[in-house]
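I opened this entry to record what I looked up, item by item. The notes follow the order in which I checked things.

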Amino acid sequence: MRSFTAVVNPAAGGSGAAGGAAAMIPLARLLREAGAQVVVEHSRSLEHARTLALDAAGRGDVVLGVGGDGMIGSVGGALASTGAVFGIVPAGRGNDFARQLGVPTDPVELAGLLLDAEPRPVDVITADGAVVLGSVYAGVDAVAGRNANESRLLRGSAAYYVGALRAVASWRPAAYRVTVDGELHERRGYTVVAANSGFYGFGRHIAPDARVDDGLLDVVVIRHVPKPLFFAVMRELADGSHVRRPQVEVLRGREVRIEADRDLPYGADGELPGMLPVTVGVVPAALHVLRP
């Protein structure tokens with residue numbers, strides 16, 4: 001029988017009943033009723049979460065990341081290339097990496113997965129050396145995330161929606177230099193996304209053909225279009241049909257460097273770690289995950 005340490009973001013998903021701590025209550029009960037040992041640790045920060053994860057892995061526990069994509073990325077990133085077993089408890093607003101892997105949110109289904117599934121290797125990516133699970137994106141989407149983080153009145157998806165509107169309204173095309181496995185591509189547009197996982201930004205299917213176990217990045221470039229047409233492209237992100245448009249280009253490779261003609265932030269798993277340029281690479285089969 002497995003022993004689990006759950007590293008929890010208590011604020012995930014919002015406050016109250018939707019929080020990460022509350023999401024663990026029924027799941028921990030089900031795991032313990034099945035005979036498993038469960039320790040629940042509340043993190044004070046992403047750095048603290050990484051420390052808790054490594055300590056638990058050192059004891060031989062299955063480490064559960066409980067929260068949204070930022071928390072999952074932090075805990076999973078700490079465990080990459082360690083041989084530890086990682087489980088995901090989706091308890092955030094986006095849950096994009098869990099969605100890519102097909103991890104259920106229902107406590108009964110999730111408990112069964114965590115108790116019985118065999119660990120399967122998945123790729124991770126690095127952004128200037130930092131480990132990322134889902135994607136790195138640099139453009140209007142990262143600016144939208146920055147606007148949302150700076151909002152004092154709105155939180156969650158509402159803050160991101162308003163932040164995105166502000167970002168698009170003020171956006172002017174960026175001139176990108178995108179180097180994929182040594183080949184340079186110069187493009188003007190809205191964003192460049194280096195994707196391991198196909199989903200980002202609260203369920204948007206930015207890279208519908210991306211796989212977490214193929215050793216490749218899907219590099220999605222949304223080129224310049226008039227803003228009314230760009231909003232149409234954004235709507236098509238719901239089902240991934242945007243990639244059929246001629247203004248959307250998908251490149252593939254193992255390493256990509258993204259540069260721009262002005263200062264732009266880049267995002268990674270819902271966080272904003274820095275400004276361009278950034279070099280992104282794939283690390284095949286680095287993380288062992290309990291997944292369907």
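Which residues of α3 are buried? I found Asp69, Gly70, Met71, Ile72, Gly73, Ser74, Val75, Gly76, Gly77, Ala78 and Leu79. Helix α3 (residues 69–79) is thus mostly covered, with 11 of its 11 residues buried. Buried means under 20% relative accessible area, exposed over 50%, and partly exposed in between (1.4 Å probe, protein chains only). Helices (H or I, at least four residues) and strands (E, at least two) are DSSP runs, numbered from the N terminus.

Basis of the entry. I am working from a predicted model, in which local features need pLDDT of at least 70, side-chain atom pairs count only at pLDDT 80 or more, and totals for chains, interfaces and linings use all residues. Residues are numbered from 1 along each chain as its sequence is written, and side-chain values use heavy atoms, with hydrogens and water left out.

Backbone. After α3 comes Ser81, with a positive phi near 65°. I noted that Ser81 is not a glycine, and that it sits in the loop between α3 and β4 (85–90). Ser81 counts as exposed because its relative accessibility is 60%. Ala285, also not a glycine, has a positive phi of about 50°. I placed Ala285 in strand β15; at 41% relative accessibility, it counts as partly exposed. I also looked up the peptide bond between Leu276 and Pro277, which is cis, with omega about 10°. Pro277 belongs to the loop between β14 (271–275) and β15.

Helix α2. I checked the length of α2 (residues 46–58): its 13 residues, at 1.5 Å a residue, should span 18 Å, and the end C-alpha atoms are 18 Å apart, which agrees. The expected span is 1.5 Å times one less than the number of residues. In α2, I listed His48, Ala49, Leu52, Ala53 and Ala56 as buried. Down the axis of α2 the buried residues fall within an arc of 140°, so they line one face of the helix. The arc is taken over the directions from the helix axis to the C-beta atoms.

Strands. I found β8 (residues 174–180) and β12 (residues 255–260) paired in the antiparallel sense over 5 bridges; two strands pair if DSSP finds at least two bridges between them. Arg177 has Glu259 in β12 as its bridge partner. β12 is also joined to β15 (residues 278–290) by 4 bridges, again antiparallel. Here Glu255 stands opposite Gly281 in β15.
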